[in-house]
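Please look through the sequence and the 3D view below before reading on. The notes that follow are grouped by topic and are meant to be read with the view open.

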Amino acid sequence: MDVRITHPNAPSNMSTPVDKLLLKNEAEKKTKYASRVINTERASFIPLVFTTAATTAPECNKFHKRVAELIANKRKEQYSKVLSYIRTRISFAMLKSILVSIHGVRDKRGRKEGGILYASDVAFGLIPEEESYECR
């Protein structure tokens, strides 16, 4: 998997419809990584492409649906609730990463020299720590 987030309202993307923009970004990722992953690592490659408005590319959407289906079957839960949970967690992770990149982290834990905590050092909580999908 490889993630790309694109901004459809950027000057370079204004003339391209969102669906074409997502497909173009998927194709770029596949061109760059797919053959290496498939041939060298003997694995499959799925480009996860999002817009800043949380629109997902077709393959990303298929991936989320398949993961939700597998989790729902394994845990005997409703597919719609699991899919909603996955999409919600991803949306919040994207928002958190945007806020960290704009404002930085205002926490004393883990700061590097000069008082800066880099986005790569922040845990975004994509891995659920609990068995439940309940919001708190």
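Predicted model: local features only at pLDDT ≥ 70, side-chain atom pairs only at ≥ 80, totals over all residues.

Strand 1, helix 1 and strand 2 together form a β-α-β unit, and the unit is right-handed.

**The paired strands**

- Strand 1 and strand 2 run parallel to each other, and they are joined by five bridges.
- As one example of this pairing, V3 has L48 in strand 2 as its bridge partner.
- In general, the side chains of a regular strand alternate between the two faces of the sheet.

**T6 in strand 1**

- T6 lies in strand 1, which covers residues 2-6.
- Is T6 buried or exposed? With a relative accessible area of 9%, T6 is buried, because the cut-off for buried is under 20%.
- When neighbours within four places in sequence are left aside, the residues in contact with T6 are N13, L21, N25, F50, T51 and T52.

**Helix 1 against helix 2**

- In general, a pair of packed helices is described by the angle between their axes and the distance between the axes.
- Here helix 1, made of residues 18-40, packs with helix 2, made of residues 58-75, at an angle of about 80 degrees, and their axes are 8 Å apart.
- The two helices, helix 1 and helix 2, are therefore roughly perpendicular to each other, since angles of 65 to 115 degrees count as such.
- Which residues make this contact? Helix 1 contributes L23, E26 and K30, while helix 2 contributes P58, E59 and C60.
- Sorted by class, the contact of helix 1 with helix 2 holds three nonpolar and three charged residues, but no polar ones.

- R42 is not a glycine, and yet it has a positive phi of about 50 degrees.
- R42 sits in the loop between helix 1 and strand 2, where it is exposed, with a relative accessible area of 68%.
- K76 is likewise not a glycine, although its phi is positive, at about 55 degrees.
- Where is K76 placed? K76 belongs to the loop between helix 2 and helix 3, the latter being residues 79-103.
- K76 counts as exposed, at 73% relative accessibility, because exposed means over 50%.

Note on methods: Residues numbered from 1 in each chain as written. Heavy atoms only, no water. Axes fitted to C-alpha atoms, helices over the stretch in contact; angles between N-to-C directions. Helix = DSSP H or I, 4+ residues; strand = E, 2+ residues; numbered from the N terminus. Parallel < 35°, antiparallel > 145°, perpendicular 65-115°, else oblique. Contact = heavy atoms within 4.5 Å. Nonpolar A, V, L, I, M, F, W, Y, C, P; charged D, E, K, R; others polar. Buried < 20%, exposed > 50% of the residue type's maximum accessible area, 1.4 Å probe, protein only. Pairing = 2+ DSSP bridges. Right-handed = clockwise from strand over helix to strand, strands pointing away.
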